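Morning, everyone. Please have the sequence and the model open. I'll go through a few side chains and their surroundings.

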Amino acid sequence: MTREPSRTIVQHAAEALALVRPTPPADTPLEDAVGAVLAADVVSVLDSPAFDASAMDGYAARAQHAAGATPAAPGALRVVGDVAAGDAGPAGLDAGLGPGEAVRIMTGAPVPPGADSVVPVERTSTGRFTPGAAGSGPTTVAVHDAARTHVRPRGEDVRRGDVVVAAGTVLTARHVSVAASAGHAAVRVHRAPRVAVLSTGSELVAPGATPGPGRIPDSNSVLLAASARAAGARVVRRGAVGDSAAALGATLDGLLDAFDGAPPDLLVSTGGVSAGAFDVVREVLDPATRAGTPWQDAVTDARLVAVGMQPGRPQGLARWRGVPWLALPGNPVSAYVSFELFVRPVVDRLRGVPGPGRALVRRVAAAGWSSPAGREQLVLVRHTEPDGAHVVPAGRRPEEDATARGSGSHRLSALAHADALAVVGADVTAVAPGDPVQVLLL
């Protein structure tokens with residue numbers, strides 16, 4: 001299969017996004033919805049407050065009967081009832097408060113008919129309330145200050161029919177609390193995407209195993225599975241597949257029911273997309289080499305492309321029996337950079353996150369590095385203290401100078417120290433200390 005003409009990062013990202021649509025929405029209980037993306041506006045079915053409510057512990061009265069009261073010239077009110085939070089209202093006051101009457105009231109309780117003001121208890125002769133049954137309070141009270149009303153009008157915060165959480169919101173505990181207050185026990189959200197991850201390469205051994213000669217740990221499938229999970233996906237990780245087209249095809253078929261019998265929404269592989277003699281993903285995607293195999297008709301929309309970036313130049317995408325498949329290069333930094341640029345946006349689209357994606361922010365290079373001509377360079381960087389406005393290449397040894405490249409697809413240490421990804425233009429061959437750089441925050 002001939003590799004297609006070079007793509008820019010933007011072009012390849014757009015082609016990857018075109019493979020997927022948001023997952024189907026479903027009504028989900030509030031306690032299970034945190035982290036999901038809202039598929040429909042949450043519209044309040046209640047007013048908030050639902051009634052004129054007291055903002056203070058105190059006495060509800062008619063403002064005109066308490067107006068002008070001062071400590072030197074207090075006003076007197078006759079207490080005719082009690083109302084606590086949760087009460088429908090004080091008994092026997094359906095007709096409302098009369099002149100000079102008051103009701104002992106607690107914060108959040110409904111203000112009785114006829115009352116339009118609450119005098120805080122500390123501004124009366126009572127001073128403070130003590131625990132006791134209804135009717136155990138004073139029968140009269142002197143008001144020292146009634147300058148404010150302390151009443152929360154019905155619908156002051158939210159009115160029935162208001163949108164309280166907009167579609168596209170990634171739900172947090174705060175959002176589901178608002179939805180509950182608006183009268184909902186469930187919200188409509190997009191299902192978490194199902195992502196299956198595997199790595200290829202006969203040189204790979206399982207994490208924790210002792211590598212033999214020429215073998216290395218399979219860190220990539222761990223990296224990509226954890227990254228997808230952190231991005232909001234459900235993940236199945238199959239680990240390493242040897243450099244055999246038959247083994248890869250069988251593994252991909254085996255992943256089609258990996259989610260309790262359901263297929264993944266996305267397949268992500270790493271390795272085998274370059275020009276090596278044993279690059280197995282390229283072999284499976286090539287119509288010439290898969291002809292006559294059990295999976296010759298399994299692959300559609302296959303593309304192997306050279307993206308104008310460093311690291312991560314070789315990339316592939318396809319559908320395996322209709323399931324979108326993103327094939328990433330095998331070097332660890334290349335795989336991680338490719339995830340951030342191509343896989344994460346696809347997972348976001350599956351989740352229903354509205355575009356555009358994360359924006360680049362401006363930083364200043366605190367150290368220099370060289371950059372390859374003609375390709376956008378992606379450099380794992382870390383912020384320096386104390387200002388957080390400067391970055392240096394992550395994982396660089398102190399003895400390395402500005403002639404060193406800013407990144408390398410083999411530099412595992414950079415993954416541990418980076419907190420951002422610098423994007424250097426294709427027309428730049430060197431970044432000098434003090435130069436502005438655009439970075440993607442990780």
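Start with H175, in helix α4, which covers residues 173-181. Keep in mind that this is a predicted model. Is H175 buried or exposed? Its relative accessibility is 18%. Buried means under 20%, so H175 counts as buried.

What does the H175 side chain pair with? There is a polar contact to the side chain of T172, at 3.0 Å. Leave out residues up to four places away in sequence, and H175 touches V165, T169 and V170.

Now the aromatic rings. How many aromatic pairs are there? The count is 2.

Take Y59 and F129. Their ring centres are 5.6 Å apart, and their planes meet at 65°. Edge-to-face needs over 60 degrees, so this pair is edge-to-face. Where do the two residues sit in the chain? Y59 is in strand β5, residues 58-61. F129 is in the loop between β8 (117-120) and β9 (140-143). They are 70 residues apart, so the pair links distant parts of the chain.

Next, W320 and W325. This aromatic pair is edge-to-face too, with 6.1 Å centre to centre and 85° between the planes. W320 and W325 are both buried.

One more look at F129. Which residue lies over the face of its ring? That is R104, at 5.5 Å from the ring centre. So F129 has Y59 as its edge-to-face partner, and R104 over its face.

Methods. Residues are numbered from 1 along each chain as its sequence is written. This is a predicted model: local features need pLDDT of at least 70, side-chain atom pairs count only at pLDDT 80 or more; totals for chains, interfaces and linings use all residues. Side-chain values use heavy atoms; hydrogens and water are left out. Helices (H or I, at least four residues) and strands (E, at least two) are DSSP runs, numbered from the N terminus. Buried means under 20% relative accessible area, exposed over 50%, partly exposed in between (1.4 Å probe, protein chains only). A polar contact is a pair of N or O atoms within 3.5 Å; within protein, one must be able to donate a hydrogen and the other to accept it, and residues adjacent in sequence count only if both atoms are side-chain atoms. Contact means heavy atoms within 4.5 Å. Rings of Phe, Tyr and Trp (its six-membered ring) pair if their centres lie within 6.5 Å; planes under 30 degrees apart count as stacked, over 60 as edge-to-face and the rest as tilted. A charge sits over a ring if NZ of Lys or CZ of Arg is within 6 Å of the ring centre and within 35 degrees of the ring normal.
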